[in-house]
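Please look over the following model with its charged side-chain pairs in mind. My points are numbered below.

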Amino acid sequence: DADGSGAIDASELGSCLRALGQNLSEQELEEVISSVDQDGTGTIAFEEFLSMINMKSDPVDCEKEMLAAFQEFDVGHKGTIPIIEFKKLMGEMGDPMTEQDMKRMLAEFQALDRDTNEVLYPKIVHR
(Lines give C-alpha, C1' and ligand atoms only; values in the text may rest on other atoms or scores of the structure.)
Protein backbone atom coordinates (compact mmCIF):
# COMPACT_ATOMS: atom_id res chain seq x y z
CA ASP A 1 0.00 0.00 0.00
CA ALA A 2 2.41 2.63 -1.27
CA ASP A 3 -0.02 5.55 -1.02
CA GLY A 4 -1.34 4.73 2.48
CA SER A 5 -4.93 4.33 1.28
CA GLY A 6 -5.44 1.04 3.10
CA ALA A 7 -5.93 -0.81 -0.18
CA ILE A 8 -3.83 -2.06 -3.09
CA ASP A 9 -4.63 -0.98 -6.64
CA ALA A 10 -3.49 -2.74 -9.84
CA SER A 11 -0.24 -0.76 -10.00
CA GLU A 12 0.71 -1.59 -6.40
CA LEU A 13 -0.27 -5.24 -6.84
CA GLY A 14 1.88 -5.40 -9.98
CA SER A 15 4.89 -4.03 -8.09
CA CYS A 16 4.36 -6.52 -5.27
CA LEU A 17 4.05 -9.49 -7.62
CA ARG A 18 7.06 -8.40 -9.72
CA ALA A 19 9.12 -8.42 -6.51
CA LEU A 20 8.06 -12.06 -6.15
CA GLY A 21 9.04 -12.86 -9.73
CA GLN A 22 5.54 -12.72 -11.24
CA ASN A 23 5.08 -10.43 -14.25
CA LEU A 24 1.35 -10.11 -14.89
CA SER A 25 -0.15 -7.96 -17.63
CA GLU A 26 -2.44 -5.07 -16.72
CA GLN A 27 -5.45 -7.21 -17.71
CA GLU A 28 -4.28 -10.12 -15.54
CA LEU A 29 -3.81 -7.75 -12.59
CA GLU A 30 -7.34 -6.44 -13.04
CA GLU A 31 -8.65 -10.03 -13.15
CA VAL A 32 -6.82 -10.89 -9.92
CA ILE A 33 -8.26 -7.83 -8.23
CA SER A 34 -11.82 -8.50 -9.39
CA SER A 35 -11.56 -12.14 -8.24
CA VAL A 36 -11.03 -11.04 -4.61
CA ASP A 37 -12.53 -7.54 -4.56
CA GLN A 38 -15.54 -8.32 -2.38
CA ASP A 39 -16.63 -4.71 -1.87
CA GLY A 40 -16.40 -3.69 -5.55
CA THR A 41 -13.94 -0.82 -5.06
CA GLY A 42 -11.52 -1.96 -7.76
CA THR A 43 -8.82 -2.28 -5.13
CA ILE A 44 -7.81 -4.97 -2.67
CA ALA A 45 -8.27 -4.19 1.02
CA PHE A 46 -5.92 -5.86 3.48
CA GLU A 47 -8.47 -8.57 4.39
CA GLU A 48 -9.06 -9.27 0.68
CA PHE A 49 -5.29 -9.43 0.14
CA LEU A 50 -4.95 -12.04 2.90
CA SER A 51 -7.78 -14.01 1.32
CA MET A 52 -6.00 -13.88 -2.06
CA ILE A 53 -2.71 -15.05 -0.53
CA ASN A 54 -4.42 -17.94 1.24
CA MET A 55 -6.21 -18.99 -1.98
CA LYS A 56 -3.11 -18.75 -4.18
CA SER A 57 -0.46 -20.03 -1.77
CA ASP A 58 0.72 -23.59 -1.88
CA PRO A 59 3.73 -23.82 0.45
CA VAL A 60 4.66 -27.29 -0.79
CA ASP A 61 4.93 -26.13 -4.41
CA CYS A 62 6.86 -23.03 -3.41
CA GLU A 63 9.25 -25.14 -1.36
CA LYS A 64 9.72 -27.59 -4.23
CA GLU A 65 10.37 -24.76 -6.69
CA MET A 66 12.93 -23.12 -4.44
CA LEU A 67 14.67 -26.42 -3.78
CA ALA A 68 14.80 -27.23 -7.49
CA ALA A 69 16.24 -23.80 -8.28
CA PHE A 70 18.99 -24.16 -5.69
CA GLN A 71 19.77 -27.72 -6.76
CA GLU A 72 20.56 -26.49 -10.27
CA PHE A 73 23.62 -24.75 -8.81
CA ASP A 74 24.54 -27.54 -6.37
CA VAL A 75 27.04 -29.29 -8.63
CA GLY A 76 28.39 -31.57 -5.90
CA HIS A 77 24.92 -32.45 -4.53
CA LYS A 78 26.08 -31.44 -1.04
CA GLY A 79 23.21 -29.11 -0.13
CA THR A 80 25.39 -26.06 -0.67
CA ILE A 81 25.93 -23.48 -3.39
CA PRO A 82 28.58 -20.77 -3.72
CA ILE A 83 27.49 -17.50 -2.17
CA ILE A 84 27.88 -15.66 -5.49
CA GLU A 85 25.44 -18.08 -7.16
CA PHE A 86 23.04 -17.70 -4.24
CA LYS A 87 23.03 -13.92 -4.62
CA LYS A 88 22.48 -14.23 -8.37
CA LEU A 89 19.63 -16.71 -7.92
CA MET A 90 17.91 -14.57 -5.31
CA GLY A 91 18.06 -11.64 -7.71
CA GLU A 92 16.43 -13.74 -10.43
CA MET A 93 13.62 -14.81 -8.08
CA GLY A 94 12.68 -11.21 -7.28
CA ASP A 95 14.39 -7.97 -6.42
CA PRO A 96 18.18 -8.17 -6.19
CA MET A 97 19.36 -8.26 -2.58
CA THR A 98 21.82 -5.84 -1.13
CA GLU A 99 24.95 -7.35 0.39
CA GLN A 100 23.70 -6.29 3.84
CA ASP A 101 20.26 -7.90 3.35
CA MET A 102 21.85 -11.14 2.14
CA LYS A 103 24.22 -11.29 5.12
CA ARG A 104 21.35 -10.59 7.52
CA MET A 105 19.22 -13.35 5.98
CA LEU A 106 22.03 -15.91 5.97
CA ALA A 107 22.83 -15.09 9.61
CA GLU A 108 19.17 -15.34 10.62
CA PHE A 109 18.86 -18.80 9.05
CA GLN A 110 22.40 -19.83 10.09
CA ALA A 111 22.81 -20.83 6.47
CA LEU A 112 26.40 -19.84 5.70
CA ASP A 113 29.19 -22.38 6.00
CA ARG A 114 32.03 -20.08 7.03
CA ASP A 115 34.70 -22.68 6.18
CA THR A 116 33.67 -22.98 2.53
CA ASN A 117 31.81 -19.66 2.17
CA GLU A 118 28.89 -21.59 0.68
CA VAL A 119 25.19 -21.26 1.40
CA LEU A 120 23.44 -24.19 3.10
CA TYR A 121 20.26 -23.75 1.08
CA PRO A 122 18.16 -26.48 2.80
CA LYS A 123 18.19 -24.29 5.94
CA ILE A 124 16.53 -21.53 3.93
CA VAL A 125 14.08 -23.69 2.00
CA HIS A 126 12.92 -25.74 5.01
CA ARG A 127 12.72 -22.82 7.49
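1. A salt bridge is taken here as a side-chain nitrogen of Lys or Arg within 4 Å of a carboxyl oxygen of Asp or Glu. The model is predicted, so that local features need pLDDT of at least 70 and side-chain atom pairs count only at pLDDT 80 or more, while totals for chains, interfaces and linings use all residues. Residues are numbered from 1 along each chain as its sequence is written, and side-chain values use heavy atoms, with hydrogens and water left out.

2. The side chains of Lys87 and Glu99 meet in a salt bridge, at 2.9 Å from N to O. Because Lys87 lies in helix α5 (residues 83-93) and Glu99 in helix α6 (residues 99-108), the pair ties together parts that are 12 residues apart in sequence; helices (H or I, at least four residues) and strands (E, at least two) are DSSP runs, numbered from the N terminus.

3. Lys78 pairs with Glu118 in a salt bridge whose closest N and O atoms are 3.4 Å apart. Lys78 sits in the loop between α4 (59-73) and β3 (81-82) and Glu118 in strand β5 (residues 118-119), so this pair links parts that are 40 residues apart in sequence. Lys78 is exposed at 59% relative accessibility, whereas Glu118 is buried at 15% (buried means under 20% relative accessible area, exposed over 50%, partly exposed in between, with a 1.4 Å probe and protein chains only).

4. Asp101 and Arg104 also form a salt bridge, with the closest N and O atoms 3.3 Å apart. These residues, Asp101 and Arg104, are 3 residues apart in helix α6, and are therefore separated by about one helical turn.
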